[in-house]
Every structure is written in structure tokens, then in C-alpha cells.
Amino acid sequence: LLSFGGLFGNRIAVGRRLEEALPDMASVLAASDAALDFFVKYGRTKERFRNAIDRIGWDVFQKEIGKPVQP
């Protein structure tokens with residue numbers, strides 16, 4: 001399973017995981033690449049990935065990576 005948006009430090013948060021297991025390594029890499037593209041597109045300088053997802057919205061993130069994410 002792949003999860004996104006976990007945080008450590010002053011604000012600890014568990015990442016949300018994909019609802020379904022990815023069938024192969026190519027799918028894992030594609031979802032990871034899409035997540036990085038999301039951050040390049042929407043992230044701000046020195047912003048944490050989770051904060052960018054929270055600011056833009058999990059629904060937009062899900063559409064960008066093409067896989068549903070569960071809370």
C-alpha cells in the first residue's frame with residue numbers, strides 16, 4: 001500500500017493511503033511520479049507536502065494522481 005501526506009515534527013499526521021493496492025511496481029512508480037508532479041505544480045517554497053495537499057484539497061490530489069485515497 002502507498003500513502004501520502006504523513007508528517008513528523010511539531011505536527012504529526014498519518015498519511016492517507018490508496019484505497020486499493022497497486023498491482024505492480026510500474027503502478028507504484030506512476031502514482032509516485034504523479035504525486036511529485038502535483039507538488040511541483042501546487043507546492044510553495046519550503047512548504048511540506050501534506051500542507052500543500054491540505055491547502056489544495058485531497059479531492060484535487062486524488063484526481064491528479066488518478067487513484068482514490070482513503071482517510
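**Glu 47 and its surroundings**

Author: Leaving out residues up to four places away in sequence, Glu 47 touches Phe 39, Tyr 42, Ala 52 and Arg 55. This is a predicted model.

Reader: Where does Glu 47 sit?
Author: Glu 47 is in the loop between α1 and α2.

Reader: Is Glu 47 buried or exposed?
Author: Buried: the relative accessible area of Glu 47 is 18%, and the cut-off for buried is under 20%.

Reader: Which side chain does Glu 47 make a polar contact with?
Author: With that of Arg 55, at 2.8 Å.

Reader: And Lys 46, buried or exposed?
Author: Exposed, with a relative accessible area of 82%. Lys 46 also lies in the loop between α1 and α2. Its phi is positive, about 65°, although Lys 46 is not a glycine.

Reader: Where do glycines with a positive phi turn up?
Author: Gly 57 follows α2 and has a positive phi near 120°.

Reader: Let's move to α2. Which of its residues are buried?
Author: Helix α2 covers residues 49-56, and Arg 50, Ala 52 and Ile 53 are buried there. The three span an arc of only 160° around the axis, so they are on the same side of α2.

Reader: What do they pack against?
Author: The buried residues of α2 pack against β1 (3-4), α1 (25-42) and α3 (58-65).

Reader: What is Arg 50 in contact with?
Author: Setting aside neighbours within four places in sequence, Arg 50 is in contact with Gly 5, Leu 7, Arg 11, Ala 13, Val 14, Gly 15 and Trp 58.

Reader: And what is the relative accessibility of Ile 53?
Author: It is 0%, and Ile 53 counts as buried. Not counting residues up to four places away in sequence, Ile 53 touches Phe 4, Gly 5, Phe 38, Trp 58 and Phe 61.

Reader: How far is Ile 53 from Ala 26?
Author: Their C-alpha atoms are separated by 23 Å, and the two residues are 27 apart along the chain.

Reader: Trp 58 and Phe 61 came up there. Which residues of α3 are buried?
Author: Trp 58, Phe 61 and Ile 65. They cover an arc of only 55° around the axis, which puts them on the same side of α3.

Reader: Why would residues spaced like that point the same way?
Author: An α-helix has 3.6 residues a turn, so residues three or four places apart point the same way.

Reader: What lies 2.9 Å from a polar atom of the Ser 32 side chain?
Author: The backbone oxygen of Val 28.

Reader: How far is Ser 32 from Ser 3?
Author: The separation between their C-alpha atoms is 9.7 Å, and they are 29 residues apart along the chain.

Reader: Now the whole thing. How many helices and strands?
Author: Three helices and three strands. Their order along the sequence is β-β-α-α-α-β.

Reader: How does the radius of gyration compare with that of a compact globule?
Author: The two agree: a compact globule of 71 residues would have a radius of gyration near 11 Å, and the protein has 12 Å. The C-alpha trace spans about 35 × 25 × 20 Å along its principal axes.

Reader: What share of the residues is buried?
Author: Buried residues are 28% of the 71. The accessible surface comes to about 4,800 Å², and 53% of that belongs to carbon and sulfur atoms.

Reader: Last one. Where is confidence lowest, and where is it highest?
Author: Lowest in strand β3 (residues 69-70), with a mean of 64, and highest in α2, at 95. For the protein the mean pLDDT is 88, and 93% of residues reach 70 or more.

Methods. Residues numbered from 1 in each chain as written. Predicted model: local features only at pLDDT ≥ 70, side-chain atom pairs only at ≥ 80, totals over all residues. Heavy atoms only, no water. Buried < 20%, exposed > 50% of the residue type's maximum accessible area, 1.4 Å probe, protein only. Helix = DSSP H or I, 4+ residues; strand = E, 2+ residues; numbered from the N terminus. Arc of directions from axis to C-beta. Contact = heavy atoms within 4.5 Å. pLDDT = per-residue confidence, 0-100. Rg over C-alpha atoms; globule rule 2.2 N^0.38 Å. Areas by Shrake-Rupley, 256 points an atom, 1.4 Å probe, with all protein chains shown as cover. Polar contact = N/O pair within 3.5 Å; in protein donor to acceptor, adjacent residues only side chain to side chain.
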